[in-house]
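Have the viewer open as you go through the points.

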Amino acid sequence: MPETPSPPPAATRRIPRVVGAVVVGAVIGFAGVYGIGALKRGPGGDPACNGAVNLAQKIAPLAHGEVAALTMATAPLRLPDLSFEDADGKPKKLSDWRGKTVLVNLWATWCVPCRKEMPALDGLQAKLSGPDFEVVAINIDTRDPEKPKNFLKDAKLTRLGAFNDKNAKVFQDLKAIGRALGMPTSVLVDGHGCEIATIAGPAEWDSDDAVKLIKAAVSPAAAGL
């Protein structure tokens, strides 16, 4: 799928709650569209992830407003140990963040909703990153490796790590378990690598609604849950 030139970083912070279909073409060998809430739910899996399902049920009432499109986990699911690289080309895995709640996000410069969502992810990282939480935004551009780095730099998105997977295997790995139907895709993961919630499409991640939900996922007791 041809990559289109990235528009200048926009100051607009609002992201539509309902987005149009995004075609994921030959770049990643998959054509399809995403719909809000249209996630495939596979059979239950790892019993060690029952705690993540219980947590999802507790924080479900907070999935409203700017994060109303989140689909909460209803069956125990451990994510694949996604493999990618950091800005220096060093190998990274999702398991490197064990013990932390992580928001895994897949994005690409050719994906317009992704580009619009990145400032919100950067804002969430600025507000909540620390010993208990991290935004791990993984770029899946397959051509010019400098393009996503330049995008982050030009947009002054300094909080996010420049993680990438030039083979887009992370997308295929999540697609295989029904958690990547289009771009962007985000999965909220607990410290054991288990799914708490997933969203197909963008969200206003640095909004009060999102921050409150993430804080509750990180520390439900502190949130009174």
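**A bent helix and its neighbour**

In this predicted model, helix α2 bends by about 35 degrees at Met-118, with a proline, Pro-119, following within four residues. The points below look at α2 itself, then at its meeting with another helix, and then at the chain around them.

**Helix α2**
- Residues 112–128 form α2, giving it 17 residues.
- From first C-alpha to last, α2 reaches 25 Å, which is close to the 24 Å expected at 1.5 Å a residue.
- Because 13 of its 17 residues are buried, α2 is largely enclosed by the rest of the structure.

**Where α2 meets α5**
- Helix α5 covers residues 208–218, and its axis comes within 11 Å of the α2 axis, the two crossing at roughly 50 degrees.
- That angle makes α2 oblique to α5.
- The crossing of α2 past α5 is right-handed.
- On the α2 side, the residues in contact are Leu-124, Lys-127 and Leu-128.
- Their partners in α5 are Val-211, Ile-214 and Lys-215.

**The chain as a whole**
- You will find 5 helices and 8 strands in the protein chain.
- Along the sequence, these elements follow the pattern α-β-β-β-β-α-β-α-β-α-β-β-α.
- The protein chain has 225 residues, and 52% of them count as buried.
- Taking contacts between residues at least 6 apart in sequence, 77% join residues at least 24 apart.

Key
Residues numbered from 1 in each chain as written. Predicted model: local features only at pLDDT ≥ 70, side-chain atom pairs only at ≥ 80, totals over all residues. Heavy atoms only, no water. Expected span 1.5 Å × (residues − 1). Bend = angle between axes of the 7 residues up to and from the residue. Buried < 20%, exposed > 50% of the residue type's maximum accessible area, 1.4 Å probe, protein only. Axes fitted to C-alpha atoms, helices over the stretch in contact; angles between N-to-C directions. Parallel < 35°, antiparallel > 145°, perpendicular 65-115°, else oblique. Left-handed = near helix turned anticlockwise from the far one by under 90°. Contact = heavy atoms within 4.5 Å.
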